[in-house]
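Reader: I'd like to walk through a protein model with you, one question at a time. Could you put it up for us?

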Amino acid sequence: MKIDRLLEILILLMNRKQVQAKDLATNFTVSVRTIYRDIETLSLAGIPIEMTRGRSGGIRLMHGFSLSRIPITTKEKDVLQVALQNLSTTNFPEVALLMEKFQALWDAVEKDWIVIDPAEYGAPPERNEIFAMMKQCILENRKVSFIYYNSNRQKTRREVAPLKLWYRGNAWYLWGYCYLRKAYRLFHVHRMVDAVITDYFPPSFEESVFEAFRQQAVTPAPKLAVHIVFEASVYYRLLAIFPAEILRIVSDRIEVKTEIPKTDWLYSFLLSFGSDVQIIAPESLRLEIRASLQKAVKNYE
């Protein structure tokens, strides 16, 4: 749409000292003549734009121009900017363009006082394509069909009425009504493959349904009282998990007595220490970890 192009041209001009008409034409896939008409439209709307000819010429805004008409304090700008920077760490698309618009509208300078890098090594760039598809399906009430792999390695074809994208625990999930299970379900976005948009579904979703599901999903898992001993060499890893005051040094080893939620994370956490950990109690956990290790050993016999 022309209005979208006019706004984006204005944002580009506010973020750059000068641009060439041919570069704008290439960026928006229109002719140079169309760009000149757009510039004329912006000028008639009161935007102070200067155009100069020659090799070093181009299109630029008059010095000091700003669209800032919103009464907002410097502190509030900083809070909004940090919020956008935090959102960018989730790899959600369109945040970069939103950040560029923010900086132009309020003449903000990005402050690199914090760096968060959630990048997955080796993750294909195509992963972001699923976000665009999910956004379209949610906003246009379109079903999506995909092959899904659950945590038990089971593969099923699902058709879902997508209702929300949910960022939880450093991962993106799709929440919606699953026609196979005839119930609301949560799907890990990166376990969805061969996704295709299918039929329209009538909007009948109530926010209270999601809130009830969310409350149930975040209910803490039952805790398990554990007594674990670690080798001193892994002390640095334990500091990232446990409060320093519960890490007791006993005979050059680290003893931990605490309660830990009994989830899949507990097992992968303990197994990741290999021979640097010994479970003292409970006996049930000792037996489960031993069985997992014996099963792993058989893969190398």
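Author: Gladly; the questions below take up a pair of helices and then a set of strands in this predicted model.

Reader: Let's start with helix α2. Within what arc do its buried residues fall?

Author: Helix α2 covers residues 21-28, and Ala21, Leu24, Ala25 and Phe28 are buried there. Seen down the axis of α2, these buried residues line one face of the helix, because they fall within an arc of 100°.

Reader: Which exposed residues does the face turned away from the buried side of α2 carry?

Author: The buried side of α2 holds Ala21, Leu24, Ala25 and Phe28. On the face turned away from that side, the exposed residues are Lys22 and Thr26.

Reader: How is α2 oriented relative to α3?

Author: Residues of α2, including Leu24 and Phe28, meet Val32, Ile35 and Tyr36 in α3. The two helices pack with their axes 8 Å apart, at an angle of about 105°. An angle of 65 to 115 degrees counts as roughly perpendicular, so α2 is placed relative to α3 as roughly perpendicular.

Reader: On to the strands, then. Which residue in the turn between β9 and β10 has a positive phi?

Author: Strand β9 (residues 247-250) runs antiparallel to β10, and four bridges join them. The two strands form a hairpin with two residues between them, and the one in the turn with a positive phi, about 55°, is serine 251.

Reader: Is glutamate 255 buried or exposed?

Author: Glutamate 255 is found in strand β10, which spans residues 253-261. Its relative accessible area is 14%. Buried means under 20%, so glutamate 255 is buried.

Reader: Which side chain joins that of glutamate 255 in a polar contact of 2.4 Å?

Author: Glutamate 255 touches several residues beyond four places away in sequence, among them His227 and Arg248. With the side chain of histidine 227, its side chain makes a polar contact of 2.9 Å. The polar contact of 2.4 Å is with the side chain of arginine 248.

Reader: And which residue stands opposite histidine 227 in β11?

Author: Strand β8 (residues 223-231) is joined to β10 by nine bridges, and those two run antiparallel. β8 also pairs with strand β11 (residues 277-281) in the antiparallel sense, over four bridges. In β11, the residue opposite histidine 227 is alanine 281.

Methods: Residues numbered from 1 in each chain as written. Predicted model: local features only at pLDDT ≥ 70, side-chain atom pairs only at ≥ 80, totals over all residues. Heavy atoms only, no water. Buried < 20%, exposed > 50% of the residue type's maximum accessible area, 1.4 Å probe, protein only. Polar contact = N/O pair within 3.5 Å; in protein donor to acceptor, adjacent residues only side chain to side chain. Contact = heavy atoms within 4.5 Å. Arc of directions from axis to C-beta. Pairing = 2+ DSSP bridges. Axes fitted to C-alpha atoms, helices over the stretch in contact; angles between N-to-C directions. Parallel < 35°, antiparallel > 145°, perpendicular 65-115°, else oblique.
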